[in-house]
4 protein chains.
Amino acid sequence: MATRDTSPDRVRQFSDGVFAVLITVLVLELRPPRSANFGALLPLWPTGLSYLVSYVFIAIVWVNHHHLFSYAQGVTPRLVWSNFAHLFSVSLIPFTTQWIADSKLAAAPVAMYAAVFVLVNISYVALCWEAVDRPAHQGVSDVMRRMLRMRSVITVVIFTGAALLSLRWPAAGMALICLCLAGYVRPDVPSSRDDGAAA
Amino acid sequence: MATRDTSPDRVRQFSDGVFAVLITVLVLELRPPRSANFGALLPLWPTGLSYLVSYVFIAIVWVNHHHLFSYAQGVTPRLVWSNFAHLFSVSLIPFTTQWIADSKLAAAPVAMYAAVFVLVNISYVALCWEAVDRPAHQGVSDVMRRMLRMRSVITVVIFTGAALLSLRWPAAGMALICLCLAGYVRPDVPSSRDDGAAA
Amino acid sequence: MATRDTSPDRVRQFSDGVFAVLITVLVLELRPPRSANFGALLPLWPTGLSYLVSYVFIAIVWVNHHHLFSYAQGVTPRLVWSNFAHLFSVSLIPFTTQWIADSKLAAAPVAMYAAVFVLVNISYVALCWEAVDRPAHQGVSDVMRRMLRMRSVITVVIFTGAALLSLRWPAAGMALICLCLAGYVRPDVPSSRDDGAAA
Amino acid sequence: MATRDTSPDRVRQFSDGVFAVLITVLVLELRPPRSANFGALLPLWPTGLSYLVSYVFIAIVWVNHHHLFSYAQGVTPRLVWSNFAHLFSVSLIPFTTQWIADSKLAAAPVAMYAAVFVLVNISYVALCWEAVDRPAHQGVSDVMRRMLRMRSVITVVIFTGAALLSLRWPAAGMALICLCLAGYVRPDVPSSRDDGAAA
């Protein structure tokens with residue numbers, strides 16, 4: 001069975017295709033306005049804003065996915081299915097972002113948005129477990145492993161909190177989501193210094 | 001002619017692009033509702049459900065495609081054209097799933113759905129034949145070969161049965177389809193233990 | 001400058017992405033009918049037929065593109081721009097196919113269709129020239145080179161003829177196009193025997 | 001940490017997926033006309049023209065992106081985020097091109113178009129800085145580095161000028177944009193001779 005290609009490259013490439021479609025989906029909704037002055041762009045702001053926001057958030061998810069798969073070594077059925085669950089959750093981001101922009105930050109859309117990120121993170125925890133945690137991985141220190149795990153659990157808790165919070169105060173819930181995502185812009189902040197030293 | 005690149009990598013990458021577009025096609029149909037409460041999401045259930053179902057079924061098809069191509073070694077015209085026929089059949093899944101959800105499990109849509117899976121499986125049998133069966137493949141045992149072949153034939157028979165069944169009892173036909181697909185979640189169940197031992 | 005990656009792999013991968021989007025574009029137009037019986041599918045036949053036809057024709061173009069790029073060795077600006085021209089021409093196939101189906105084989109759409117294939121082939125000739133003809137290619141025999149060139153010129157002539165013919169007799173023009181494309185199902189028919197022997 | 005895959009290949013492949021979707025987005029807007037004569041194509045010219053123009057401009061951006069990434073050696077967070085900013089700016093090209101065509105070269109759309117290209121170029125400068133400038137790159141001469149930098153700064157200045165100019169004389173602004181882009185058809189014009197000699 002030595003000739004079988006079991007590297008995670010194909011899972012990675014397929015995921016990139018899905019990310020590429022999802023990140024550009026909302027731009028299809030942007031239609032040029034009838035009149036040719038800057039004022040005519042104003043009514044487009046809900047779609048424009050939701051395109052920008054969901055672009056940034058999907059980019060953050062991609063960066064973390066990319067980071068995680070740089071540790072993946074083999075393809076297990078669990079890895080594949082966690083990845084499909086992850087991509088499915090991500091595919092709901094454009095839809096819910098647009099709902100938020102349309103409704104101008106109403107309670108139900110923001111709570112649903114936080115719920116989508118709870119899904120995104122639960123599937124990410126499952127991915128972490130398969131790609132980094134389980135294998136006796138020579139490239140991953142115990143410190144990093146523990147950090148990845150703790151970070152994911154905290155994130156799930158925060159997003160669940162944001163979902164509940166936004167049923168009452170949607171603006172506060174949205175702020176919490178944005179803050180939490182900002183912490184993910186660099187996937188490996190605390191260990192990045194060692195990383196740079198080791199590379 | 002030794003310099004020609006005849007590895008199946010490009011066929012695989014192209015297929016992944018097609019799968020990535022198809023698996024996300026239906027999310028484009030999900031438009032945020034006018035009002036901003038959870039009740040407003042209810043009328044979207046046919047599209048939402050059909051997106052989820054066709055996502056899962058295309059994922060199952062991808063897993064099996066991925067499994068099969070891990071054995072492929074060269075590119076023959078027959079492999080390429082079986083693959084195109086396979087991708088074409090898969091591309092009909094979103095459309096028929098949505099028809100089922102719209103019609104709430106009526107007879108004609110479910111029968112058509114089963115017919116699409118008959119097509120998907122016939123082209124998969126052709127792919128198996130080209131990728132695994134024909135070449136004097138060192139990585140594929142005779143047991144596995146026979147199993148793959150038998151399994152595919154049985155699946156075609158079951159889906160044909162489901163198509164006929166659902167003309168009368170669509171719910172029963174649909175249940176048969178789901179059961180049969182569930183058996184494909186792991187593409188190599190019976191040989192997986194040997195697989196693990198050999199890897 | 002030895003570290004620069006000048007392999008045609010990225011051009012190939014980008015082209016595959018474009019092909020993947022184009023080959024599935026028309027399936028987005030297929031919407032499930034209102035009523036749930038097989039008769040309700042009938043009004044969809046123009047889109048369904050044009051999806052099938054443009055799928056098959058883009059598949060034929062892909063097979064030839066794949067065949068050609070298996071000989072490509074370096075990336076020249078001319079190769080890149082011929083490829084962009086080729087992809088642009090291919091991107092017009094879904095649109096024109098749908099026009100033909102909508103108009104039930106009227107003169108103007110069929111003539112335009114033939115004109116699109118003239119463009120596809122002129123850009124293919126340019127691609128051949130860059131990928132196979134120009135480089136002192138060790139893997140390409142003189143016979144094959146001459147054949148590729150002659151074949152392309154003949155095809156351009158036939159498609160131009162089909163465009164003129166269909167202004168009068170659109171059905172005859174369409175038949176000529178289909179015949180000519182059928183000859184491309186296998187990109188290397190005459191040399192395939194030697195190919196098999198050499199591989 | 002030696003086992004981590006830090007090659008820029010995945011960033012490249014993801015970008016290609018996004019480019020592939022963006023370059024074909026506008027073809028989705030081309031719908032066949034009702035009547036079957038060439039005259040019926042005339043009302044489609046704004047979409048047709050904007051598809052052609054944005055196709056060519058995205059192709060030019062891709063060629064430069066491809067050129068730049070052939071020098072990239074590692075993946076840094078800054079490279080990834082500059083790349084996301086670059087792709088985001090590019091994704092606005094189809095929308096603004098269509099607005100220009102719809103409004104028949106009015107002032108606001110052309111100024112906005114130039115502004116989009118200012119964004120595209122600022123993010124390209126950031127990409128250049130990360131991929132070519134910063135690393136102690138053995139494959140990049142000082143001359144080329146200085147040239148890339150100067151060229152980018154000049155381009156940003158010209159596009160900003162075009163944006164201001166087109167508020168008054170949109171046709172002149174558009175001409176300036178086209179001229180400036182024409183200079184990018186070959187990404188490495190001045191050093192291309194050495195390039196050819198070194199390759």
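Author: A definition comes first: copies of a chain are superposed by least squares on the C-alpha atoms of residues with pLDDT of at least 70 in both. In general, two copies of a chain are related by a rotation about an axis and a shift along it. The model discussed here is a predicted one. In it, chain C is superposed on chain D by a rotation of 90° with 0.0 Å of shift along the axis, and the RMSD is 0.0 Å. That is the relation of a four-fold axis. Among the residues of chain C, Gly17(C) comes closest to this rotation axis, with its C-alpha at 4.1 Å. The two copies use different surfaces where they meet, for 9% of the contact residues of chain C recur in chain D.

The extent of the contact may be considered next. The size of an interface is often given as the accessible area lost when the parts come together. For chain C and chain D the buried area is about 3,400 Å², and 71% of it lies on carbon and sulfur atoms. Chain C contributes 35 residues to the contact, while chain D contributes 42 residues.

Seven residue pairs, both members at pLDDT 80 or more, are in polar contact between chain C and chain D. On the side of chain C that touches chain D, at least two residues come from each of helix H1 (9-25), helix H3 (77-91), helix H4 (93-103) and helix H5 (107-133) of chain C. H1(C) gives the most to that side, with nine residues. By residue class, the side of chain C that touches chain D comprises 24 nonpolar, six polar and five charged residues.

Side chains of opposite charge can pair when their charged atoms come close. Between chain C and chain D the count is one salt bridge. It is formed by Arg10(C) and Asp16(D), whose closest N and O atoms are 2.6 Å apart.

Over all chains, a search of the whole structure finds twelve salt bridges. One of them joins the side chains of Arg78(A) and Glu130(A), at 3.8 Å from N to O. Arg78(A) belongs to helix H3 (residues 77-91) of chain A and Glu130(A) to helix H5 (residues 107-133) of chain A, so this pair ties together parts that are 52 residues apart in sequence. Arg78(A) counts as exposed, because its relative accessibility is 52% and the cut-off for exposed is over 50%. Glu130(A), by contrast, is buried, with a relative accessible area of 8%.

In chain B, the side chains of Arg78(B) and Glu130(B) meet in a salt bridge of 3.8 Å, N to O. Arg78(B) lies in helix H3 (residues 77-91) of chain B, and Glu130(B) in helix H5 (residues 107-133) of chain B, so parts that are 52 residues apart in sequence are tied together. Arg78(B) counts as exposed at 52% relative accessibility, whereas Glu130(B) counts as buried at 8%.

Chain D, one partner in the contact described above, has a salt bridge between Glu130(D) and Arg78(D), with the closest N and O atoms 3.8 Å apart. This pair links distant parts of the chain, 52 residues apart: Glu130(D) is in helix H5 (residues 107-133) of chain D, and Arg78(D) in helix H3 (residues 77-91) of chain D. Glu130(D) is buried, its relative accessible area being 8%, and Arg78(D) is exposed, with 52%.

How values were computed:
Residues numbered from 1 in each chain as written. Chains lettered and ligands numbered in written order. Heavy atoms only, no water. Contact = heavy atoms within 4.5 Å. Buried area = accessible area lost by both parts, 1.4 Å probe. Salt bridge = Lys/Arg side-chain N within 4 Å of Asp/Glu carboxyl O. Polar contact = N/O pair within 3.5 Å; in protein donor to acceptor, adjacent residues only side chain to side chain. Helix = DSSP H or I, 4+ residues; strand = E, 2+ residues; numbered from the N terminus. Nonpolar A, V, L, I, M, F, W, Y, C, P; charged D, E, K, R; others polar. Buried < 20%, exposed > 50% of the residue type's maximum accessible area, 1.4 Å probe, protein only.
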